[in-house]
Amino acid sequence: MPEEEKTPEQWRELLRATYDYPEEINDAPRRRRRRLRREHRHGERARTAEWIKAERRREPTTPAVALVVVAVILVAGALARFGPHWFSDDDDRASSVTATASPSPADDDDKAAGTASASPSASPSPSAAVDLSDPDTVAKEFTRHYLTRNPPVDDDHTAAVRRAAPWAMPALVENLANSSDPAWDKLVSQGGVSTVTAVTAKPPAESLRLPPDTPLRKWRTVTATVHVAGYTDDTQRTTLQTELTNTGDGWHVSRILGV
């Protein structure tokens with residue numbers, strides 16, 4: 001006997017389906033879980049679309065059902081575009097910014113896979129022995145990681161903030177993560193990926209009239225040479241006026257003038 005035709009209400013039930021993620025995704029490190037869930041959802045939507053097409057070929061089309069099918073297609077398109085924001089869980093949001101001098105388990109996984117030095121798409125996370133003893137080194141390493149960016153892979157500018165976090169004070173990390181970043185927006189508009197090829201740190205010019213160095217606070221002018229590969233290749237020089245504070249366990253960048 002032919003299969004009973006589905007009612008519009010039955011078709012609408014397709015839109016209410018929740019995603020049942022495989023156990024291996026739920027057990028994945030936080031920094032990978034969101035990407036794996038997004039790929040899983042895209043796959044599920046693709047399989048659902050194919051199933052709907054097969055069902056429509058087997059069933060007669062009525063005006064009401066045709067309207068529901070159109071609604072399914074439109075909603076599927078909206079989910080494909082905005083789904084990652086609607087379905088991200090609290091763990092994903094909580095992991096958007098971390099400020100710690102120790103690498104996370106995900107960093108160890110990336111290092112073991114040999115991807116940390118392949119391109120800016122992998123987080124250039126520091127090793128377990130982050131050198132916080134020298135303010136010049138801290139200023140340079142912070143700048144190198146903060147200006148190394150890959151928009152096609154990084155969700156937003158906070159990925160660079162996380163990479164630079166081990167060399168920064170938590171308050172600065174939070175400030176950078178919660179503020180807009182015109183340089184990031186410009187890089188996105190250029191279709192670019194930025195890589196720091198050279199970086200120097202030195203005491204600021206006297207004309208800036210910054211406070212003198214003390215055992216607890218120092219200022220450094222950090223100049224980075226940044227190569228941008230995008231619609232057109234370009235090499236830029238970026239200068240940051242950074243304040244460094246000795247927290248007792250080492251130096252950290254505590255402020256950037258203009259940020």
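In this predicted model, the largest nonpolar core comprises 30 residues. Those with the most contacts inside it are Val138, Phe142, Tyr146, Leu172 and Val253. Two or more core residues come from each of α7 (135-146), α8 (158-164), α9 (170-178), β1 (193-202), β2 (217-229), β3 (234-246) and β4 (251-256).

Helix α7 was examined next. It has twelve residues. Its first and last C-alpha atoms lie 16 Å apart, close to the 16 Å expected at 1.5 Å a residue. Pro135, Val138, Ala139, Phe142, Thr143, His145 and Tyr146 are its buried residues. An α-helix has 3.6 residues a turn, so residues three or four places apart point the same way. The cover over the buried residues of α7 includes α8, α9, β1, β2, β3 and β4. Tyr146 is in contact with Ala160, Val161, Ala164, Leu176 and Asp181, neighbours within four places in sequence being left aside.

Strand β3 holds Gln241. This glutamine is buried because its relative accessible area is 16%, under the 20% cut-off. The Gln241 side chain makes a polar contact with the side chain of Thr221, at 2.6 Å. Beyond neighbours within four places in sequence, Gln241 is in contact with Pro204, Leu208, Trp219, Arg220, Thr221, Arg255, Ile256 and Leu257.

Arg209 lies in the loop between β1 and β2. Its phi is near 55 degrees, a positive value in a residue other than glycine. Arg209 is exposed, with a relative accessible area of 77%.

Technical notes
Residues are numbered from 1 along each chain as its sequence is written. This is a predicted model: local features need pLDDT of at least 70, side-chain atom pairs count only at pLDDT 80 or more; totals for chains, interfaces and linings use all residues. Side-chain values use heavy atoms; hydrogens and water are left out. A nonpolar core is a set of buried Ala, Val, Leu, Ile, Met, Phe, Trp, Tyr and Cys residues joined through side-chain atoms within 4.5 Å. Buried means under 20% relative accessible area, exposed over 50%, partly exposed in between (1.4 Å probe, protein chains only). Helices (H or I, at least four residues) and strands (E, at least two) are DSSP runs, numbered from the N terminus. Contact means heavy atoms within 4.5 Å. The expected span of a helix is 1.5 Å times one less than its number of residues. A polar contact is a pair of N or O atoms within 3.5 Å; within protein, one must be able to donate a hydrogen and the other to accept it, and residues adjacent in sequence count only if both atoms are side-chain atoms.
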